[in-house]
Amino acid sequence: MVTFFAKTLNFLKDLCFPLTCCCCGEFVDTEGLCPNCWKQIKWISEPKCRICGLPFEIDCEGVCADCLSQKPYFDRAVSVFEYNDVSKKIVLKFKNGDTTYIAGLLASWMYRSAKDMFAKADIIIPVPIHFWKRLKRKYNQAELLARELSNISGVKYGPDLLKKSKGNETARRIEPQTKIKKFIRFFRNDRKHV
Ligand SMILES: [Zn+2]
Ligand SMILES: [Zn+2]
């Protein structure tokens, strides 16, 4: 009897809220991407730079020429997929709030790409956005991902440890390295013991 009700409820849910591809909107059987979008994703795997995480075209180990010529302001970065029309759409739709329900799916992809980093991590802190921006948008996409990543990895989640103290409008027009320096200044740590 319980199974019958569960099946009926699932049927009604699928009828009223059918699953759609988080990129193109096609109907799908399981949450995520349709086969057509899936095959266009260029997943990043080894070989890749051990600092910036960008893929090497040939099979070699170590650090890419860009990171060698100018050491980045971070120790390590990891990317899940290459930036193309499909991945751009997935990211923008998530960022703009159309597909916040896929936070868990995106987090599982991120975790798969950086399992070793999570094994060594003490805490996951989302990049904050300014108070007014958050109020307008009603959510911070980095928080959604960080919470899901914490659930998957078991690493502690620290949502309120950083605060964005300034807007970043002028930072959009500057070079990435300078932007990172400026962004670091924009974030203030709210708790002195961290
Ligand atoms: Zn699709
Ligand atoms: Zn690199």
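Reader: What numbering and confidence limits apply here?
Author: Residues are numbered from 1 along each chain as its sequence is written, and chains are lettered from A and ligands numbered from 1 in the order in which they are written. In this predicted model, local features need pLDDT of at least 70 and side-chain atom pairs count only at pLDDT 80 or more, while totals for chains, interfaces and linings use all residues.

Reader: How many helices and strands are there in the protein?
Author: The protein has nine helices and four strands; these are DSSP runs numbered from the N terminus, with helices being H or I of at least four residues and strands E of at least two.

Reader: Which elements give two or more residues to the largest nonpolar core?
Author: That core has 14 residues, of which C21, C22, C23, L33, C37, I90 and L106 touch the most other members. The elements giving two or more residues are α4 (85-95), α5 (103-113) and α8 (141-153). A nonpolar core is a set of buried Ala, Val, Leu, Ile, Met, Phe, Trp, Tyr and Cys residues joined through C-beta atoms within 7 Å. A residue is buried if 20 or more other C-beta atoms lie within 10 Å of its own, exposed if 12 or fewer, and partly exposed in between, with C-beta atoms placed from the backbone.

Reader: And what share of the protein is buried?
Author: Buried residues make up 11% of the 194 residues.

Reader: Which residues does C23 touch?
Author: Not counting residues up to four places away in sequence, C23 touches L33, C37, V86, K89 and I90. Contact requires C-beta atoms, placed from the backbone, within 7 Å.

Key:
Contact = placed C-beta atoms within 7 Å.
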